[in-house]
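User: I'd like to learn how to read the strands and helices in a model like this one. Could you walk me through it?

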Amino acid sequence: MKYSSDDVRWMRQARRNALRAWGLTSPNPLVGAVVVNGDTSWSGWHRRAGEAHAEINALQAAGNGACGASLFVTLEPCSTSGRTPPCTKALIDAGISRVVIGTLDPNPKHAGHGVEVLKSAGIEVVVGVDCDACSRINEAFNCWIRYKRPYVLLKMAMTLDGKIATASGDSQWITGVAARNRVQRYRRWADAIMVGGATVRHDDPSLLVRKPRNWSRQPLRIIASHSGYLGKMPKVTCDGFAKTRIVSCRSKGDWIDELQDLGRNEISALLVEGGGELAAELLRHGLVDKVAFFISPKILAGSNSRSVVGGLGPDKLSEALPLTETEMYRIGDDFLMTGYLTNVHRYC
């Protein structure tokens, strides 16, 4: 169905609204909406799981202005009752005349149902406006709702020559303040953060969201360790700020079972922060969906310095793992490269 440049403009506004709740809506998706009537618009977004959906907040903001108006929403309105009543009924009752949707609901049980309900009520419906961008803001949700396991993002910080620490384990700090602030954004996105036991023993990380202070939704901390030994009184076991889980996965099957168990417990976004051996194991088993590598313009050198990805290397260059849709950003004095290893995030 055709749509206009104004449709795209308003959908981008809806997407910006959705991002205002970054890190707060899991296991629900980020959703933003805009009601437009003539030259006036009203915004809404889903703030937290269990609270009103974006469409309802936008309708409440619009009041009587919703009658005869258009609604722009990043995700197909729900048509069934869950924690909240169906949004399709609210749109019909409010007198909305046109609904423009970024992407359909990725849940195969619901996909397209909301569209049909709205059309049956005589509402004009347009689907697929700025679809890729609307889908991307919910990469983790799109994976979790369809595959019942968390989306796995591997985040690493390395020098230009691919090192994450000296031979003695000294690693703080490879990247600058701006890059570390960006990591805090990833942590706010995550339902769980995973590191290896060696990382805990060497760095004693908190694995918490530190910015902003008093963040209300600290991630589950997962430590991958065969021995279970994490050193004397590591923060992750005694600070009381978040739950910690120790896992020992020795095969791909073990890892798949672990991911599925996390999915059953509404962990939709898993951030892996290293170290190199854990990264190598997950990559080898094909369990990483996306990478985010922060690159510092420093050369550490040394054959004994620790590599960003350890493990046994392949015999042939053709066995290297190719990334798709790669992007490079300047973050302060450092660089961030992202790319995908799977397509489980995409739903358009």
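Analyst: Gladly! Helices (H or I, at least four residues) and strands (E, at least two) are DSSP runs, numbered from the N terminus, and two strands pair if DSSP finds at least two bridges between them. This is a predicted model, where local features need pLDDT of at least 70, side-chain atom pairs count only at pLDDT 80 or more, and totals for chains, interfaces and linings use all residues. Residues are numbered from 1 along each chain as its sequence is written, and side-chain values use heavy atoms, with hydrogens and water left out.

User: In which sense do strand 14 and strand 15 pair?

Analyst: Strands of a sheet pair through backbone hydrogen bonds, either parallel or antiparallel. Here strand 14 (residues 324–331) and strand 15 (residues 334–340) are antiparallel, over 6 bridges. T324 has Y340 in strand 15 as its bridge partner, and E327 has T338. Their hairpin has 2 residues between the strands, and G332 takes a positive phi near 60°.

User: What is the strand order of the open sheet?

Analyst: The order of its 8 strands is 10-9-8-11-6-12-15-14, with mixed pairing. Strand 10 (244–247) and strand 14 are the edge strands, each pairing on one side only.

User: How do I describe helix 2 and helix 3?

Analyst: Two packed helices are described by the angle between their axes and the distance between the axes. The axes of helix 2 (residues 54–62) and helix 3 (residues 87–94) come within 9 Å and cross at roughly 20°. Axes are lines fitted to C-alpha atoms, for helices over the stretch in contact (heavy atoms within 4.5 Å), with angles from 0 to 180 degrees between N-to-C directions. That crossing makes helix 2 roughly parallel to helix 3 (angles under 35 degrees). E55, I56 and L59 in helix 2 meet C87, A90, L91 and A94 in helix 3.

Terms used:
Parallel < 35°, antiparallel > 145°, perpendicular 65-115°, else oblique.
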